[in-house]
Amino acid sequence: MFGLDDKIAAFGTGETFIIVAAVAILLGLRHATDPDHLTAVTTLIAGDGEHNHRKARSLGFVWGLGHATSLFVFGVPIVLARGYLPHSVQEGAEVAVGLLIISLAVRLLVRARQGAFRGGPGHVHARGRTPAQAYGIGLVHGMGGSAGVGVLLLAAIPDHVEALAALALFAFFTAVSMALASSTFGYALTRGPVLRRFATLAPALGALSLVFGIWYSLGAMGAVPYVF
């Protein structure tokens, strides 16, 4: 993933702001495909249980706005100072992201165990996520992303004003991309073949997300190889 980010950013190293803006937008759209993002949003939407692609798109976008908020707030000093966050801050943020993924996976597993997904839409036995909760989840996740390669690549832009504007575009289009991804996943959940089998698929999805979250947390602490 980092190699693709480098290739995208190579087109925007000091040219016109239109090019810089285009690079920031492309980085934002690409950033949303990071495995930790997809895992978090997948479990968020799956755990909601309502299986409505419009609500999925809304939750994904609100999650993305939360992510964009903390990404921008933490990214500003990185862009202005053209450096890294302290290692302890980076590690703590990434561990928090891993724990967040674990909590979403456990919630999905618990709801599946309680039978929340039997019978499809209209038969959900527990309340779904609110926009405020989705925004809060995005806030936590964005803290990890603030130390990401995309922010550091934007920090290389010579002009501070352009760099900050590019950071804002990068953050916002990450939110847009997550809305598209979550809408697509939500739409898939409303289709007959997936919907009929979701009570069976949910535990497997939760288990895979749980393993990923544990691996992500351990990787952030340096306990296991960390390749993303």
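1. A residue is called buried when its relative accessible area is under 20%, exposed when over 50%, and partly exposed in between (1.4 Å probe, protein chains only). By that rule, tyrosine 216 is buried, because its relative accessible area is 5%.

2. The model is predicted: local features need pLDDT of at least 70, side-chain atom pairs count only at pLDDT 80 or more, and totals for chains, interfaces and linings use all residues. Residues are numbered from 1 along each chain as its sequence is written, and side-chain values use heavy atoms, with hydrogens and water left out.

3. The structure holds four aromatic pairs. Rings of Phe, Tyr and Trp (its six-membered ring) pair if their centres lie within 6.5 Å; planes under 30 degrees apart count as stacked, over 60 as edge-to-face and the rest as tilted. One of the pairs joins phenylalanine 212 to tryptophan 215; this pair is tilted, at 5.6 Å centre to centre with 40° between the planes. Both residues belong to helix α9 (residues 192–220), and they are about one helical turn from each other because they are three residues apart. Helices (H or I, at least four residues) are DSSP runs, numbered from the N terminus.

4. Phenylalanine 212 is buried, as its relative accessible area is 16%. Phenylalanine 212 also pairs with tyrosine 216, again in a tilted arrangement, at 5.9 Å centre to centre and 45° between the planes. These two residues of helix α9 are four residues apart, about one turn of the helix. Tryptophan 215, in contrast, is partly exposed, because its relative accessibility is 24%.

5. What does threonine 39 touch beyond its neighbours within four places in sequence? Its contacts (heavy atoms within 4.5 Å) there are Ile101, Ser209 and Phe212. Threonine 39 sits in helix α3 (residues 35–48) and counts as buried because its relative accessible area is 14%.

6. Elsewhere, ring pairs link Phe61, Phe172 and Phe173 into a cluster. Phe172 also takes part in a nonpolar surface patch with Leu65 and Tyr135, the three having about 230 Å² of accessible area together. Accessible areas come from the Shrake-Rupley method with a 1.4 Å probe, and for residues only the protein chains shown count as cover.

Methods. Patch = residues over 30% accessible without salt bridge, like charges linked within 9 Å, V, L, I, M, F, W, Y side chains within 5 Å. Salt bridge = Lys/Arg side-chain N within 4 Å of Asp/Glu carboxyl O.
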